[in-house]
Amino acid sequence: MALKIDQDHARFRDIVKGKVRENLKRYISQGELLGRQGKDTVSIPVPQIDIPRFRFGERQQGGAGQGEGKPGDPVSGQEGEGEGGQGKAGQGEGAHTLEVDITLDDLAQILGEELQLPRIEPRGQARVVADKDKYTGIRRTGPESLRHFRRTYREALKRQISSGVYNPERPAIVPIRDDKRFRSWNVSTQPVANAVIVYMMDVSGSMGDEQKEIVRIESFWLDTWLRSQYRGLESVYIIHDASAKEVDRDTFFHTRESGGTMISSAYKLCHDIIQRRYPAEDWNIYPFHFSDGDNWSVDDTQQCISLLREKILPVVNMFCYGQVESPYGSGQFVKDLREHLGKDDRVITSEIRDKDAIIDSIKTFLGKGK
Amino acid sequence: MARMGIDQDLPEYLRTWQGKIENHARSLGLDFFPQVFEVLTFDEMNEVAAYGGFPTRFPHWRWGMEYERLKKSGEWGLSRIYEMVINNNPAVAYLLEGNSLTDQKLVMAHVCGHNDFFKNNFAFKITDQDRRPPESAEDLVVSRKDRLPTRKWIDTFANHAARIRRHTERYGVSAVEEFIDVCLSLENLIDPPARMLEGRAAAPPVDEPEALEPARLKARGYMDSFINPDEFLDAQRKKAEAEAAKARRFPERPQRDVLKFLLDHAPLERWERDVLEVIREEAYYFWPQAQTKIMNEGWASFYHSRIMTGYALDANEIVDYADRNASVLATNGRSINPYKLGVELYRHIESRWDKGQFGKEWEDCDSLEDRKHWDLRLGLGKKKIFEVRALHTDVTFIDEFLTPEFCIEQKMFTYAWSNRNDRYEIDSLQFKSIKDKLLQQLTNFGNPFISVEDGNYENRGELFLRHDHHGVDLDVEKARDTLKNLYRVWRRPTALVTTVDGRATLMRFDGREHASKPMR
C-alpha cells in the first residue's frame with residue numbers, strides 16, 4: 001500500500017542525492033567513499049542536511065548516566081534510546097554529519113548524469129541463474145545444526161514454568177522435542193555475472209603510494225559504473241613488475257615491489273585468464289591497465305603492441321590504459337600506444353596527473369559507451 | 001483516519017482485553033480520556049512515528065529522514081516501536097500488527113498510564129484547545145475530573161497539513177519547503193510559561209512615570225498664564241512624549257517567544273505568516289511531552305508493571321513479559337533511560353511516603369542505622385505519587401525527589417569529555433554533581449534561553465537577541481546558520497549576544513557575511 005510518507009521520503013532522498021551530486025567532485029578526488037562500501041550500498045557522509053538551531057555545543061556538556069563504573073572509566077554505550085519509546089527522538093539528536101546509505105545503482109546514476117556517460121550496449125545476453133539460500137524464518141522441525149538457541153531456550157523455560165517443573169534454586173532448563181525451534185530458509189535465484197573487469201597495475205619501484213591511491217579511487221568509480229550496467233560483475237586483479245601474477249583485491253592495492261617493469265608479462269597473463277575463464281562469446285570484457293609509463297625496453301613495448309593487436313583487442317569490449325604521472329617514470333608507454341594503436345577505437349588512453357584529474361580520466365574511459 | 005479505519009477494526013479478542021485492562025486501570029485509580037486503539041503494519045507504524053505520532057502531517061522531508069532512520073533500525077533489529085499514543089481527546093494509540101498478545105496487553109496497559117498522565121499533569125493543560133485564561137494559581141494546575149477538555153489535535157494537525165499543502169500548490173514545493181526549513185530552525189524559541197498565562201489581564205505597569213509635567217519657563221505667578229500659555233505647554237508636552245516614546249524599548253521587555261515576536265513584527269508574506277503560525281502551534285503542542293519525558297514514561301511503566309503482574313498476565317506469559325519489560329528498562333551507560341529513571345523514582349517516592357521517610361524528623365536524622373530501618377507505616381505512598389504526577393515536570397521531579405540513597409542504589413554517575421583520552425569518561429559519583437548535571441540537561445528541555453532584546457537595534461531595524469548563558473556555550477557553527485535563517489524571516493541584519501569561552505561575544509549576520517566580535 002502506498003504510504004503518505006513515501007512522498008516525504010522521496011523528497012529526503014532527492015535532497016540527499018542533490019547533496020551527493022554537489023559534492024561529487026570532492027568525493028571523487030579525495031577518495032572519501034573508499035572503505036565505506038557495503039554489499040549493495042555505500043554510506044556517504046552528507047554535510048549539513050540537518051536543520052540548524054540555537055543549541056548547546058556538545059563536548060563541554062557531558063551528562064548523567066547510569067551503570068557500573070568508577071570515575072575515570074570510559075562510558076560505554078552509544079547515544080540513543082533503548083527499545084521501545086515514543087516517536088519523538090528528543091534530546092539525543094546527533095549534530096555530526098549525517099551518514100546516508102545510497103545504493104551503488106543510485107551512485108552510478110549520479111555519476112552517469114554528472115559526467116554524461118552513455119549507457120553501455122552489452123554484447124551477448126548470456127545469463128546464468130544460480131540458487132541462493134537465505135535464512136529468514138523459524139520452524140518447528142529441522143536439523144540440529146540449525147537450532148535457534150534463544151528461541152528454544154525460551155520455549156523450554158515457558159513450558160517448565162507453566163508445568164511447575166522450574167526450580168529457581170536450580171534453574172536448569174532442559175528442552176524437549178516440542179520446545180525446539182529451527183531456522184528455516186528460502187531459496188532465491190539470482191543472475192550471475194556476464195561482465196568482467198581485468199585490472200592490471202604496475203607495482204614496480206617507481207609507483208608510489210600517491211599513484212596507487214589514484215588507481216584505487218579510479219577503479220572504485222569504474223567498478224561502480226560498470227556494476228550498474230551489468231547485473232553482477234566479476235573482477236580480476238593482476239599486478240606486475242618484471243613478471244605478473246593474479247592476486248586478490250586487497251593485495252592488488254597494497255603491494256609494493258621493486259625492480260624492473262615488463263608490461264608484456266601482464267598482458268600475457270591477462271590473455272591467458274580470458275582464454276581460460278571468460279570466453280568472449282559469453283562475456284563482456286574490460287581490461288584496465290594502470291602504469292607510470294616506464295617500460296623495460298623497446299622490444300617489450302613492441303611485444304605488448306602485438307599482443308594487444310592480435311590477442312586481446314579482438315575479444316574485449318575496449319582496452320583502457322591509464323597513465324599515472326610519477327616523478328620517476330619516463331611516461332613513454334602512452335606515446336607508443338598512441339602511435340601504434342591510436343586509430344583503433346577500442347583502445348582508450350588517458351593520462352592522470354593528480355587526483356583532480358581522476359574525474360576527467362573516468363569520463364575518457366567510460367565516455368564511449370562500450 | 002479513514003485509511004486506517006476501514007479494514008483494521010480492532011479484533012474481537014483485543015477489544016475484550018482493552019475493556020478488561022481499562023477497568024482494572026480505573027480500579028487502580030487511573031483516570032484517562034476514552035481510548036481508541038488501532039492496529040498498524042510495520043511500515044505504517046514507522047510512518048506514524050516519523051510524523052511524530054500523527055496520521056497526517058504537513059509535507060516535509062524531515063519526516064522522510066526520520067522514517068528512513070526508523071525503518072532501518074527496525075530492519076536491523078536495533079529497535080522497534082511497540083507503542084505510541086497521541087495526546088488527544090479521545091486518546092489514539094497504535095498497536096503493531098503481528099505482536100504477540102502479551103505484547104499487545106503490555107502496550108494497552110502502558111497506554112493507560114500515558115493517557116492518565118496526559119489528562120492530569122498540569123503541563124498538558126497548555127494543549128487544551130478550549131483553554132480559558134486562568135483566574136487563579138489553582139486553575140493552572142488542577143484538573144477537574146468531571147470536565148473533559150477539548151483536544152482535537154489530530155484534526156488540528158490535519159488542518160495544518162491542508163493549509164500548507166494549499167500554499168505548496170500555489171507557491172511551489174521548493175519555496176514553501178525552504179521556508180519551513182527556516183521556521184523549523186527557530187521552532188525551539190518559544191515561551192510556554194507565558195503561554196499558560198496568556199489572555200490574563202496584563203499586570204499593571206510597575207513604574208510608569210506620572211503624566212509628564214511640561215517644562216515651564218520661569219515667570220512670576222501673575223505672569224504665568226502669559227509666559228506659559230496653554231498652546232505652548234501642549235507643544236512642550238508633545239515634545240516630551242515623543243522623546244519618551246523614542247526611548248521606549250521595542251519590545252518593551254525581552255521576549256522569549258521569538259516566534260510570536262516575528263509573527264507580530266516581521267515583514268512576512270501572508271502564506272509565510274501562516275506557515276510560521278503552524279510551526280509555532282505544533283511546537284507548543286509537543287512542549288509538555290518534552291518537559292515530562294522521564295515522568296511520563298516512568299508513570300506508564302510503573303502502571304503497566306502493576307497492571308500486568310497484578311492482573312493481566314497469564315502464567316505462561318510471564319517469561320515473555322519479563323523479557324520485554326527488561327529490554328524497555330535497560331540502561332546503556334551513556335544516556336539516561338527515561339523509562340528506567342522514571343519508574344524507579346516513582347517507586348522510591350512511594351516507598352518513602354509509605355514508610356514516612358520525609359519531613360523534618362527524617363531530614364534531621366543523622367543515624368544511618370535508623371534511616372535504614374525507618375518505617376512509620378503511614379501508607380501515604382499511593383496518594384503521594386498521584387499528587388506528584390499531577391504537579392511536577394521533569395525538572396521539579398528530579399529537583400525535589402532525587403536523593404543520595406537513590407543515586408547510589410541506581411548506580412548513577414556523571415560523565416564528561418576527556419581531552420587526554422579522547423573519549424567520554426565517568427566524571428563523578430557524587431550526588432550533588434549528578435543532580436546538577438541532570439537538572440542542567442533538563443532545564444528548558446536542553447534548549448538555551450534566548451530572547452528578543454531589541455527589534456530596532458542601533459536604531460537600524462536590526463534584530464538583536466540575547467542568550468542567557470548558564471555555563472554551557474552554544475554550538476557556534478549552528479548558531480551562525482540559525483542567525484542566517486532568522487535573517488530570512490526578519491529581512492534585516494540579525495545579531496545574538498552570547499558567551500564564548502568566557503567572553504561576551506556579539507555574533508551578527510548582515511545578509512551577506514557573518515561577523516563575530518567581543519562585546520564591551
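Start by selecting B:E282 and B:R57: the two form a salt bridge, with their closest N and O atoms 2.8 Å apart. (A salt bridge here is a side-chain nitrogen of Lys or Arg within 4 Å of a carboxyl oxygen of Asp or Glu.) B:E282 sits in helix 13 (residues 270-291) of chain B and B:R57 in the loop between helix 3 (42-50) and helix 4 (61-75) of chain B, so the pair ties together parts that are 225 residues apart in sequence. Helices (H or I, at least four residues) and strands (E, at least two) are DSSP runs, numbered from the N terminus. Are these two side chains buried or exposed? B:E282 is buried at a relative accessible area of 3%, and B:R57 is buried too, at 6%. Buried means under 20% relative accessible area, exposed over 50%, and partly exposed in between (1.4 Å probe, protein chains only).

A word on the ground rules: this is a predicted model, in which local features need pLDDT of at least 70 and side-chain atom pairs count only at pLDDT 80 or more, while totals for chains, interfaces and linings use all residues. Residues are numbered from 1 along each chain as its sequence is written, chains are lettered from A and ligands numbered from 1 in the order in which they are written, and side-chain values use heavy atoms, with hydrogens and water left out.

**Along one helix**

Next, pick B:E344 and B:K340, whose side chains meet in a salt bridge (3.1 Å, N to O). Both lie in helix 16 (residues 338-355) of chain B, four residues apart, about one turn of the helix. B:E344 and B:K340 are both buried.

Now select A:R150, A:R154, A:E155, A:K158, A:R181, B:D320 and B:D323, which salt bridges with shared partners join into one network. Zoom in on A:R181 and A:E155, where the closest N and O atoms are 3.4 Å apart. A:R181 is in the loop between helix 4 and strand 5 (182-191) of chain A, and A:E155 is in helix 4 of chain A, so this pair ties together parts that are 26 residues apart in sequence. A:R181 counts as buried at 11% relative accessibility, whereas A:E155 is partly exposed at 24%. Then move to A:K158 and B:D320, whose side chains form a salt bridge (3.0 Å, N to O).

**The interface**

Color the side of chain A that touches chain B.

Show strand 2 of chain A beside strand 4 (residues 412-418) of chain B: four bridges join them, and they run antiparallel. (Two strands pair if DSSP finds at least two bridges between them.) A:G65 has B:F413 as its bridge partner.

**A sheet in chain B**

Select strand 3 (residues 91-96) of chain B, which pairs with strand 2 of chain B in the antiparallel sense over four bridges. The two strands form a hairpin with four residues between them, and B:V85 stands opposite B:A93. Strand 1 (residues 35-40) of chain B pairs with strand 3 of chain B in the parallel sense over six bridges; look there for B:L40 opposite B:L96.

Which residues of strand 3 of chain B lie on each side? B:A91, B:A93 and B:L95 are on one side and B:V92, B:Y94 and B:L96 on the other, all of them buried. In strand 2 (residues 83-86) of chain B, B:E83 and B:V85 point one way and B:M84 and B:I86 the other, and all are buried.

**Last stop**

Finish at A:T224, in helix 5 (residues 209-229) of chain A. A:T224 is buried, with a relative accessible area of 3%. Leaving aside neighbours within four places in sequence, A:T224 is in contact with A:L104, A:L107 and A:A108.

Conventions
Contact means heavy atoms within 4.5 Å.
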